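Colleague: I have just opened this model and would like to learn how to read it. Could you take me through some features, step by step?

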Amino acid sequence: MKSSRFFSARRGAVALAIAIAFAGGGMLAGCDSKAEAVAVQPVQITRDIVDSVDGMILLDYPGPKGQIHYAGGKPDFFCDTVGLFSMYLQPEQQKRVQALFVQDMGRADWKNPEGHWIDAKAAFYVAGSKARGAMGPTLASFAREEDARAFAGKEGGKVYRFEEVTPAMVVMDGGVLKDKSS
């Protein structure tokens, strides 16, 4: 009889410990999901922000800029969308990317772009236009497809979605000019 009560009490204690563990895990999961719910925001460019590849001051150059935000690390900044894509599309890129931002050139001033940050993966891009960015040929970025098509009609080039941009189009030696598909 004594051993029966012992095993019964022990089973109850084990069940209670398991219940507490699951409840605690649920509370922790709740905390984690709240932390993940906070969206990454783009950084507004100031005079002290430089290109992560070559140290150029972003505000000194025309055309759309870019930002890559990583999990647990500082963001990379680019004075040109070609630099952003070149870095992001590298096969050896191993950092966990949380967010990518480019400027909406349908709203920003090409010669002095400030603000108007949009999700790079949702943007439309014009490759092969006459418009030049910080490093020469660039991918003009737009929030709206109509704006991208209007820009291409005026400046030349072809409209692409984010997932259509290939590494060959963003080679840092002028790869955008090599795009023969337009």
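Colleague: Let me begin with His116: how accessible is His116, as a relative value?

Modeller: His116 has 29% relative accessibility. Buried means under 20% and exposed means over 50%, so His116 counts as partly exposed. Keep in mind that this is a predicted model.

Colleague: Where is His116 found, and what is its phi?

Modeller: Here is the general idea to start with. Most residues other than glycine have a negative phi. Now the case here: phi of His116 is near 55°, a positive value, although the residue is not glycine. You will find His116 in the loop that lies between E3 and E4.

Colleague: Then let us look at those strands. What is the order of the open sheet of four strands?

Modeller: The order reads E2-E1-E3-E4, and the pairing is antiparallel. At the edges are strand E2 (76-78) and strand E4 (117-119), each of which pairs on one side only. From one strand to the next, the twist averages 25°.

Colleague: How many bridges join E3 to its partners E4 and E1?

Modeller: Strand E3, residues 97-103, pairs with E4 over three bridges in the antiparallel sense. Strand E1, residues 66-70, is joined to E3 by five bridges, and these two also run antiparallel. Phe101, in turn, stands opposite Asp119 in E4.

Colleague: What about the open sheet of three strands: which order does it have?

Modeller: That one is ordered E8-E5-E9, again with antiparallel pairing. Strand E8 (140-142) and strand E9 (158-161) each have a single partner strand, so each has one side left without a neighbour in the sheet. The twist averages 30° from one strand to the next. E5, residues 124-127, pairs with E9 over four antiparallel bridges, and Ala127 has Lys158 as its bridge partner in E9.

Colleague: Which strands does helix H3 touch?

Modeller: Helix H3, residues 145-155, packs on this sheet and touches E5, E8 and E9. The direction of H3 makes about 10° with that of E5.

Colleague: And Ser129: is it buried or exposed?

Modeller: Ser129 has a relative accessible area of 5%. The cut-off for buried is under 20%, so Ser129 is buried. Its place is the loop between E5 and strand E6 (132-133). Leaving aside neighbours within four places in sequence, Ser129 is in contact with Phe151, Glu155, Gly156 and Gly157. The C-alpha atoms of Ser129 and Gly153 are separated by 9.3 Å, and the two residues are 24 apart along the chain.

Note on methods:
Residues numbered from 1 in each chain as written. Predicted model: local features only at pLDDT ≥ 70, side-chain atom pairs only at ≥ 80, totals over all residues. Heavy atoms only, no water. Pairing = 2+ DSSP bridges. Axes fitted to C-alpha atoms, helices over the stretch in contact; angles between N-to-C directions. Contact = heavy atoms within 4.5 Å. Buried < 20%, exposed > 50% of the residue type's maximum accessible area, 1.4 Å probe, protein only.
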